[in-house]
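Colleague: I have a model open and would like to talk it through. Could you help me read it?

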Amino acid sequence: MLEVSGLTTAYQGMVAISDVSFSVKQGEILTIAGANGAGKSTLLKTIAGMERSQSGTISFEGARINGRTAHEITARGIAFVPENRRLFPRLTVQDNLSLGSFLFRNRPDRDAPLDIIFELFPILKARLNQLAVTLSGGEQQMLAIGRALMARPRLLMLDEPSQGIMPKLVAQIFEAIKIIRRSDVTILLVEQHLVKSLEIADSTIVLQTGRVVLRGSAAEIRNHPDIQSAYLGV
Amino acid sequence: MDRALQASRSSFAERHIAEASARRRRQLVAVALFALVAACLPLFVTDVYTLNVVILTLMYLALSTGWNILGGYCGQISLGHAIYFGIGAYGTVLLYMMAGVVPWIGLLVSAALAAGLALALGYFCFRLAGHYYTIATIVIAEAALLLVLNWDWTGAALGLQLPFGPDSWATLQFGRTKVPYFYFVLALSLLAWLTAWIIEGARWGYWWRAVKDDAEAAGSLGVNIFYSKMGASAISAFFTAVGGAFYALFTSYIDPNSVFGFRISLLIALPAVLGGIGTLWGPAIGAVLLIPLGEVTRSYIGGSGSGADLVTYGALVVMVSLLRPEGLVSLLHLRKRTRGARP
């Protein structure tokens, strides 16, 4: 459903990702691993239309999407949960959620995902009238994921959902990702927490200084000797 | 996901929406009551000077509410709204004097013109972020002031005197009494408030607030950032120009400095800033406090209008930013917040 080929993005001449190619099938989880500065976030931002690519193509459900603006890409069914969540701190939880759904004209269309989101993250329901800034880090991450789901995406991209969150909530978020995937949503997951993300992923690519250095099924990567020594500390 | 989500019905969401719309209904009721009380004012206020102050207050209330649509909700701080005010004033007067167009139509035409100009300027200026945008608005308005000051066709520095005619609602000219102007400007401020009220509840309003808070995040949620700014700008300019047209009819004399000057830009923005930027009641509260205070200090202390009102405004801004940085409107929420804080 998503095919990326030969993708290169640079910031003012500095190449952040270079000749990246991969594809994901519908309903799969692809995790993107790599050290800090390897280009993981840039890759997601380029797909989301927040960064412009220099060359290569991104095609989503058969249509080329690179060169389109962020809001057009969202309207096509790709939702992005950016690093550090990027909530609207002075709006309520309810308003933050609503903002994900205004692509749709009708009220029932907009509100439909709410029940599922509250099932995934019951705490959001209790916090509905609070300002987003008053939530804990984990709750904010849940809100960011909920907000993205309000757009009813077919592809969900998560950038470091476990960053700065207490372990108990990390487990809950990973559980939620598994449940979301069951409803046929494709997921791209950028995650430092490699062990955890390999547990739920179908396939993996590993980036190093902007290039894909390893790719394979999650099991292959888990057992790969380089990964074992470099990331898993085995 | 799509199918699964479609199938689920959210009773919870429905109840929440019901609560929100009850709150919005209460706002409507409140404004209707205010309007009703205000509409009776001319029965008690017969003093021309006081009525004059009331009219100016309502005018700035409408203007600042219009400014707040762009500056408050969408976060694009303009300090050059005098350009739209001036276009409304000059457009209406010129159309009437040169082509005999009745002010009712003239003010709509010049307001549309101002909205069009806002879009044209926005096309370039909205590429600038934050303070750079604000500076651009100041510069453009000053350029417009200089242009009109030196343009013979617009009467240059001498300004334009509206030809006197008989009192009539058709030409919106009333020499004998100011009461009709009062009702006109009351209607205008109600219309501006109602527009802001509609925007608050509409998805456009949410989009604009998202653009204000974090434009990049808004984009990733499907918000067209550029169109949002353009839309807010056009609506804001429209109301500003109608206000300018009203001012011209009300004073029946305009010159470049009194309608294109920086002072006007400031007076349009200040009530919203003082009252609470990006809030429904902020501009109204700010105008009701600020304008009478300014008028009174100007006439009692200022003598020759030497700027005592500006000193008062300055002092107020300092006080509000020190004591209530969120604007005076935050005083209204004090009680509610303490109640909400309890678990």
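Modeller: We can go through confidence, the cores and a sheet in turn. This is a predicted model, in which local features need pLDDT of at least 70 and side-chain atom pairs count only at pLDDT 80 or more, while totals for chains, interfaces and linings use all residues. Residues are numbered from 1 along each chain as its sequence is written, chains are lettered from A in the order in which they are written, and side-chain values use heavy atoms, leaving out hydrogens and water.

Colleague: What pLDDT does chain B average?

Modeller: Chain B averages 86 on this scale of the predictor's confidence in each residue, from 0 to 100, and 90% of its residues score at least 70.

Colleague: New topic: which residues touch the most other members of the largest nonpolar core?

Modeller: Those are M59(B), I254(B) and F260(B), in a core of 70 residues; such a core is a set of buried (under 20% relative accessible area, 1.4 Å probe, protein chains only) Ala, Val, Leu, Ile, Met, Phe, Trp, Tyr and Cys residues joined through side-chain atoms within 4.5 Å. Its largest share, eleven residues, comes from helix α3 (residues 48-73) of chain B, a helix being a DSSP run (H or I) of at least four residues, numbered from the N terminus.

Colleague: And what order do the strands of the open sheet have?

Modeller: The four strands run β2-β1-β4-β5 in chain A, with antiparallel pairing, where a strand is a DSSP run (E) of at least two residues and two strands pair if DSSP finds at least two bridges between them. Strand β4 (residues 55-60) of chain A joins β5(A) over two bridges, and S59(A) stands opposite R64(A) in β5(A).

Notes
Buried means under 20% relative accessible area, exposed over 50%, partly exposed in between (1.4 Å probe, protein chains only).
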